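This briefing covers selected features of one protein chain. Please look over the sequence and the structure before reading on.

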Amino acid sequence: MVVPLSPMPDTPSSPDTDHAAIPVSDLSTPLTQSGRTSPNSIEAEAPNDSATATQKKKKKKKPKKSVKSKDATQKAKAKEDADAESRPPVLCISRNKHWRYISSYHGPWLQLPVELLDSLLTLNLDPTTLTGPETRIPPFLPPSPSISSSKQRDRGFHGLGDFSPPDSPRSTLASLPLPPPFPPPKPGKAIPPPIDPGVFRSVRNIRRLIDEAAELSVRASSGLSAAELGSMRSGSGLNGSPWAAAQSLGLNPLGNNNGGGRNVAMSAMRIHRLRALAVQKLAQAYKADEIASSVMVMQGGSVFDDVAERVLKVDPNDADAKYVHFFHEKIPSRQLAESTTTNVLDELIAAHPQRLEYHRTRGIVHCFRDEFSQATKDFTHALKEARAVRKAKMMHHNNGSQSESRTNKHGKRRKGSSSSHTNGQAPPDGTSSMENGVDGSDGEPILKHPSVLDDAPDPIEPQLLFLRGAAYLQQAVHLIEAAVLNLEGVYRTPSVDGAELRLCYIENGKYGGVEVGNPDGPLGKRAGPKLLAYAETLGDRVFRDYVTQLLKKSLRDHEKFLSHFDSLESSNAMPDGDLAFQTEYAFLLSESIRPGNHANMPPPIPDAPAMFTTYHPLLVESHFSVLICQLMLADFAAVIPTFIRTASVVDGLEGYPIFLPPRSMAQAEFIEVLERLAGGWRNGIQPHSLSAQRGKTRLAIEGPPIVAPPAPIARRSNSYHDREDDCRAGSSSSSSTRQNSFSNGGSTFESGISGNARQADAKEERFRIRMDAAEALDCARILLAPVVKRQRGRAEKAASEKAAGAGKKKPVPINIPLHGPRVEVILAWLGGVHLPELDGI
């Protein structure tokens, strides 16, 4: 008689189930000894009837289904399979991969050792780094003659072709021309740091936190101890210890088969604590900068996919786990607005209202969901609180420093207190340290920049300024787009592939949307039904004033964001010439240095140093957002000097060796709008007042000085407490305070057609002419002149190539638009509101 053995697990228990009881099913097949698996042998050796009955009872089969039920089941299964095949596959990715401006934070900081990042941060904060006696780096090898003469002032290393070590004979660093010296600062002004200290500290801390979180997550998943994981990591390289080298060869000199670590499985509580600590570090990283943290988390693969979810299963009220899981949750690709609510963030804010990072994240989610009023409310609240906290800290610091110098009631100074006042006497060493400064290499005192002092704002303040400015601009664009879709009778429906709706591809619209390549303008003829309908809808006084107000608010916030980053002016960074020449030079320069646009050769670059500006990953996006706002306000007189200065600033920007050049969507959209206007607005491409056809003696406008005037972004207050409260909806930007037709919110323009202007028919009387229409039109022509010149050059080149190779067939290039749908919205706004006011003169 064979007694059935009790079932025992053959596999070791996982660390997650160390203390959990394993239930055993009653219908489990009993185990038998080897060689006794045959049912015949069991029955022959079991004369006991009861045992035999029990055995037969366990082997009893389920009753067979009828033929009808089988057919019904098969048909239902076939229908489900057909439905599954008809549905397109849905790609689900984590929510943090949908965040905007991710491409601006890529760079070597993702792979550099943390110790090297610490050293680079120290050099970045040291004002003597850029003021040494030898400002030019000695060459590694003689310059190579293969370097193009067009790169006479290549201050960036982002164009390197290889990544060989600096000591390699084939290193590209050896063939690079020497960078020119930095422009000297103004007397009494501090030298700005190369990279913004706030964002530099953030990425350094994020790198350390996420690296530590990755190690903790790997330990929790694999059950390895810290010693064992460290030995495995050190054994992967050749620079490790001899013990690590022996282990890499498959030898274990310590005689431990588990790599020198613990060989006992971790308990479930220990694994949970490791994961909770990893989630805590991830939450700290996301609170510092969620865009940079999202980029860094992407480098880790799937190590963080479910770490927060596992912590929430044990502790559903863990705030850090909720915050991290919000970023790591899988949602359908390109459907963030439909798949995301603010419920989790609402709960976190209700439980922790002092955490301003939750308000920042919720504001970003509101922007994705087109809830811009709630977004700006969150950004404004967080900005007010951040400034209040900073001011309170500085008051506490000042009060503490003053109390240290006071004496007690007995007239004696407190122990450990020291006074910084020397009362006119020299210190024992004969030198006196200067406040907020250090001594240079030649003994001269060097001022510290305000951004490296204790009263500098936290990184969240410029983040909130940028995000609020972007929200205002996005809200203005959203209102214009919604009005156009309502006018066209088109309803936005979510697409399967997540494609965005463009106003130039409106199907079954009442008027056909924005036109491409029409010489009469983006909306057709001046007296056409489309232009009249768009002008009536978009030109409504209330609607127009509200959109103008949003654009001015966005302009204000972006300029205040840019005011956090100082520049060293270079007098000869822009070549001498009139306004038209400098505009053309700025256009060619900005196109040649744009990432991914290597087909355009840069213009001849002077030997003078480029303008030096403190780098921030969002700086380029903010500069071109300012240009988009000015363009939508039709302030062409301000667009030209701003564009010239922006090109000079972007030419001197350098974030290496921390960041790579950013890919700015606003830059691509601004250039695309100019391209569309140059190819589809006949009145805007006529000869301007400075063109060769009309001569330089017949000026229609009084142009700005030859050298671009200094903008407010080049000057910065020495104290951040002197800045006005941005939350008041008052001050307009410096560029918008010019004498134009849109002062006082854009509501004052001509009440009727001037007597000297030509009379229009009844349909054209609704288009009123601006007071500065002639000046604005001439500035618009100057701005579009270099774009038209490049388009004609491309057309002539294409025609010559076609004539030369008439019998050859060239492959059709893949045309992937690098801009977003805002281009058509901007063109619809300009064509329905501002261009008719310029075409009437």
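The model is predicted. The protein chain has 24 helices and 6 strands. Of its 841 residues, 44% count as buried. Taking contacts between residues at least 6 apart in sequence, 80% join residues at least 24 apart.

**Helix packing: H20 and H24**

- Two packed helices are described by the angle between their axes and the distance between the axes.
- Helix H20 spans residues 619–632 and helix H24 spans residues 822–839; their axes come within 10 Å and cross at roughly 25°.
- Because angles under 35 degrees count as roughly parallel, H20 is roughly parallel to H24.
- On the H20 side, the contact is made by Glu621, Ile628, Leu631 and Met632.
- On the H24 side, the partners are Arg822, Ile826, Trp829, Leu830 and His834.
- Sorted by class, the contact of H20 with H24 has 6 nonpolar, 1 polar and 2 charged residues.

**Aromatic pairs and the aromatic cluster**

- A pair of aromatic rings is described by the distance of the centres and the angle of the planes.
- The count comes to 14 aromatic pairs.
- Phe326 and Phe327 form an edge-to-face pair, because their planes stand at 80° and their ring centres are 5.6 Å apart.
- Phe326 is buried, with a relative accessible area of 4%, and Phe327 is buried as well, at 0%.
- Phe624 and Phe670 form a tilted pair, with 6.1 Å from centre to centre and 55° between the planes.
- This pair links distant parts of the chain: Phe624 is in helix H20 and Phe670 is in helix H22 (residues 665–680), 46 residues apart.
- Phe624 has a relative accessible area of 1% and is buried; Phe670 has 0% and is also buried.
- One aromatic cluster is formed by Trp99, Tyr286, Tyr323, Phe326, Phe327, Tyr358 and Phe368.

**Arginines over ring faces**

- Arg95 lies over the face of Phe326, at 4.7 Å from the ring centre.
- Arg100 lies over the face of Phe368, at 4.5 Å from the ring centre.
- Both of these rings, Phe326 and Phe368, belong to the aromatic cluster.

- Most residues other than glycine have a negative phi, and most peptide bonds are trans.
- The peptide bond from Tyr656 to Pro657 is cis, with omega near 10°.
- Pro657 lies in the loop between helix H21 (636–652) and H22.
- Asp370 is not a glycine, yet its phi is positive, at about 60°.
- Asp370 is found in the loop between helix H14 (356–368) and helix H15 (372–404).
- With a relative accessible area of 39%, Asp370 is partly exposed.
- Ala634 is another residue other than glycine with a positive phi, near 60°.
- Ala634 lies in the loop between H20 and H21.
- Ala634 counts as buried because its relative accessibility is 0%, and buried means under 20%.

Definitions and conventions:
Residues are numbered from 1 along each chain as its sequence is written. This is a predicted model: local features need pLDDT of at least 70, side-chain atom pairs count only at pLDDT 80 or more; totals for chains, interfaces and linings use all residues. Side-chain values use heavy atoms; hydrogens and water are left out. Axes are lines fitted to C-alpha atoms, for helices over the stretch in contact, and angles run from 0 to 180 degrees between N-to-C directions. Helices (H or I, at least four residues) and strands (E, at least two) are DSSP runs, numbered from the N terminus. Angles under 35 degrees count as roughly parallel, over 145 as roughly antiparallel, 65 to 115 as roughly perpendicular and the rest as oblique. Contact means heavy atoms within 4.5 Å. Ala, Val, Leu, Ile, Met, Phe, Trp, Tyr, Cys and Pro count as nonpolar, Asp, Glu, Lys and Arg as charged, and the others, Gly among them, as polar. Rings of Phe, Tyr and Trp (its six-membered ring) pair if their centres lie within 6.5 Å; planes under 30 degrees apart count as stacked, over 60 as edge-to-face and the rest as tilted. Buried means under 20% relative accessible area, exposed over 50%, partly exposed in between (1.4 Å probe, protein chains only). A charge sits over a ring if NZ of Lys or CZ of Arg is within 6 Å of the ring centre and within 35 degrees of the ring normal.
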